[in-house]
Amino acid sequence: MKKLLLLPALFILAFSGALQAQNDGSLPSATFAQSQQKAKALLATLTLDDKVGEMTQYAIDMLCEGQPYNVKEPLALDKVKMQKLLVDLRVGSILNVAGHAFTLEQWEHIIPAIQAFARQKASGIPVLYGIDAIHGANYTAGSTLFPQEISLAATWNPVLAQKMGEVTAYEARASGLPWNFSPVLDMGRDPRWPRFWETLGEDVFLASRMGESIVKGYQGSGLSNRNTVAACLKHFLGYSFPLTGKDRTQAWIPERQLREYFVPTFQAAVNAGALTVMINSGEINGVPVHCNPAILKDLLRDEMGFKGLAVTDWEDISYLYTRHFVAKDYKDAIRLAINAGIDMAMVPTDIRFPVLLKELVEEGEIPMSRIDEAVTRILTVKYELGLFEHPYFPFNTYPDFGSPEHIEAAFGAAKEAMVLLKNDGVLPLSKQANVLVTGPTANSILALNSGWSRTWQGNDSKWHETNKKTILTAIEDKLGKEHVSYIEGTSFDKIIDIQKAVEAAKGKDAAIVCIGEMPYCETPGNIDDLGLPQAQLDLVAAIAKTGTPVILVLVEGRPRILNTIEPLANAVLGAFLPGNEGGRAAAEVLFGDYNPNGKLPFTYPRYAHSLMTYDHKATDLNSGTDRPPSLPGRKAPRTAFANGSMVFRMRGRPST
């Protein structure tokens, strides 16, 4: 396989000096070398069956009564399946939940049961359990949910990012979960991509600073600490810039751009001591990343200095055969991925993986040295987390789980994440005002959180808290219900009762129109048009005709085009995805109890095909003439950017 990466290592980072200087040397932990030594000593006692088992990760569905993706409710662990996977196949890692968040009481049953079975195998090696706790311990009912990363980035506050990491780590460990598949360090440079909201925005410097702070919040000063978890950087590398804008589709990224825009966030987190990394599901320049040694070895290991565990994303090794067509069969796909540098396979349901991996070693297709390297990394993580001594900590010793202090931290982050994009003086509203509240996102906790919230898609209210405030109910708390009229107006894409909303708007002091997106995650969030659905545009236009001041509240995971309605609005508040406390936070801003100080972490496009980032080149601002400026050093015209292609601009990166 030809190597993708050709440029000298000196050019690995546009900001390498600055980012290296921020590494305080305290992470990886002082015990890392000791953990490696322990891992190597244990490795010498293991059989090949033990080793291939350690490299295998299954979804918890495989341990439950019922079938994968259709387990029995309420969840019940199947002792026969647990014996097969955890003892006979010696599986080293389990992940996920079976469809929805578990209660603390359920985790208190699940984790000890899994670890008890793991101890029955000859090696006694504990299981490494992984979860997607991306804005709080979202797969544990009642946990604290912070703003999603795109909103967190709008705070431009690394201290808040670290606090989110600390609270998330505490509440994940309270659930018995030591490994967090977070933070997302992909760059948010294409808003068509459905995982845009999982990023920390379009700016390399901002995302690097916020990302390393999240890692420090997760991992603290030592991973065996009962309040910390192992971070997992994802998705290395270039996942967020697909050519089509669709999830898990190919990317074309020249090496200069790859290194300048997509490597630095990961390098900053590696410098901060991140212990694990998840590999991109897609292709870069025609080569699937999860079988590309130029990225997984030459770049990640040799140049960037990453020493931890590399795990695939969901089912990605089999996709080398079924989707990418670079392997002749599943077994060949395993050979390609493991030899390229994958340490652990998120299988997640195919029982053949450890069997075929063992065959490949016995046939000489995968050298034992590669297996030993991978297993040493896995065992090192387990030692670093203290799992051999404490596979879990007592569940009744985490009194601050979901505490008022944690909720207040999330509320504070949600307030700082609010971005006032436009205001002609209508805000703040008087607390004696009579208002209409309308729009599809006005009365939805689901919309405030979006995906990875209690369920994968975040769209099932059955599993969400009932005591959290929507934007509507938070406004009612401010004014009293008698001063608030609520008409839904539209769903996300269908008209419901626009005319009723128009009638209700007449004579009101303001119409607060909450528009945007309903929850989605990954491929189900693919779209063909960045424009807001016509139903929502019609709602805003109809209400504006009444003469009542219009305040738009944007609840969305990516910038949906609103060029036809923005001129009709007197104010625009970017709430984006502020989490469980976002309804209260929006109301605080609307009524002047909090002075908004959030800043865009991305540039808001005016047109669907004008996706220019703030760090554009001068040649991107072509004024329509090929004639060069008449004066040396004269800057190119900026009118195309300021007045044409962007509605709201991201500000330049901070000085510190």
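In this predicted model, the largest nonpolar core is made up of 176 residues, and those with the most contacts inside it are W107, F236 and I543. Another core, of 35 residues, lies apart from the largest one, and L479, I512, A585 and L590 are among its members.

From the cores we turn to the rings. A pair of aromatic rings is described by the distance of the centres and the angle of the planes. The count of aromatic pairs comes to 16. One of them joins W179 and F181, whose rings are 4.9 Å apart from centre to centre with 70 degrees between the planes, an edge-to-face arrangement. W179 counts as buried because its relative accessible area is 1%, under the limit of 20%, and F181, at 0% relative accessibility, is buried too.

The rings of F602 and Y604 also pair, here in a tilted arrangement, with 6.3 Å from centre to centre and 40 degrees between the planes. Both F602 and Y604 are buried, and they belong to a cluster in which ring pairs link F196, F576, F602, Y604 and F648.

R226 is placed over the face of Y398, at 4.3 Å from the ring centre, while the charged end of K234 sits over the ring of W452, 5.6 Å from its centre.

How values were computed: Residues are numbered from 1 along each chain as its sequence is written. This is a predicted model: local features need pLDDT of at least 70, side-chain atom pairs count only at pLDDT 80 or more; totals for chains, interfaces and linings use all residues. Side-chain values use heavy atoms; hydrogens and water are left out. Rings of Phe, Tyr and Trp (its six-membered ring) pair if their centres lie within 6.5 Å; planes under 30 degrees apart count as stacked, over 60 as edge-to-face and the rest as tilted. Buried means under 20% relative accessible area, exposed over 50%, partly exposed in between (1.4 Å probe, protein chains only). A charge sits over a ring if NZ of Lys or CZ of Arg is within 6 Å of the ring centre and within 35 degrees of the ring normal. A nonpolar core is a set of buried Ala, Val, Leu, Ile, Met, Phe, Trp, Tyr and Cys residues joined through side-chain atoms within 4.5 Å.
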